[in-house]
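Visitor: Hi, could you walk me through the salt bridges here?
Guide: Gladly; here is the structure to look at while we talk.

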Amino acid sequence: MPDKDFNTIFSSRLRFFLKKTSMTQAELAKRLNVGTTSVYNWCAGIKTPRMDKIDAMCDLFCCSRSELMEEMSVGAKASGGYYADPETAEIAQEIFENRELRILFDAAKHAAPEDLKVAHDMLLALKKKEQGGFDA
């Protein structure tokens, strides 16, 4: 894989884990004993950290190297796939891609597709109600 592609994927995954852990770039820099410019460059896809820093990030984020360094999707077949049912994976991907619905993402690993679809529809309806789309 060309460096540019790797940097793009790595930066995306790093930003994901920073957001997931509510950690700022400055906090990560401090924990890794690197400058904030280094972390900025990693997040921007300009440079790639050394493997010892990647391993330290994996420890901080409680993830594997592959989770940090490889492109992932909700229904990815990495390590046997996250969802047991392909239809569930498809619905989960739809939820994952909709920023306002991601709250359900982690809680739905073993859900049946029809259950996930009901939750999906309910969340959309609640969001519409919240935005004044209809009255209860």
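Guide: A salt bridge is a side-chain nitrogen of Lys or Arg within 4 Å of a carboxyl oxygen of Asp or Glu. This is a predicted model, in which local features need pLDDT of at least 70 and side-chain atom pairs count only at pLDDT 80 or more, while totals for chains, interfaces and linings use all residues. Residues are numbered from 1 along each chain as its sequence is written, and side-chain values use heavy atoms, with hydrogens and water left out.

Visitor: How many salt bridges does the structure hold?
Guide: There are 3 salt bridges in the structure.

Visitor: Which residue does Asp-55 form a salt bridge with?
Guide: Asp-55 pairs with Arg-65, and their closest N and O atoms are 2.6 Å apart. Because Asp-55 lies in helix α4 (residues 51-61) and Arg-65 in helix α5 (residues 65-69), the pair ties together parts that are 10 residues apart in sequence. Helices here are DSSP runs (H or I, at least four residues), numbered from the N terminus.

Visitor: And what about Lys-117 and Asp-121?
Guide: Their side chains meet in a salt bridge at 3.3 Å, N to O. Both Lys-117 and Asp-121 sit in helix α7 (residues 113-130), 4 residues apart, which is about one turn of the helix.

Visitor: Switching topic, is Arg-50 buried or exposed?
Guide: Arg-50 counts as exposed, at 54% relative accessibility, where exposed means over 50% relative accessible area, buried under 20% and partly exposed in between, using a 1.4 Å probe and protein chains only. The side chain of Arg-50 meets that of Asp-52 in a salt bridge (3.0 Å, N to O), and Asp-52 is partly exposed, with a relative accessible area of 40%.

Technical notes: Helix = DSSP H or I, 4+ residues; strand = E, 2+ residues; numbered from the N terminus.
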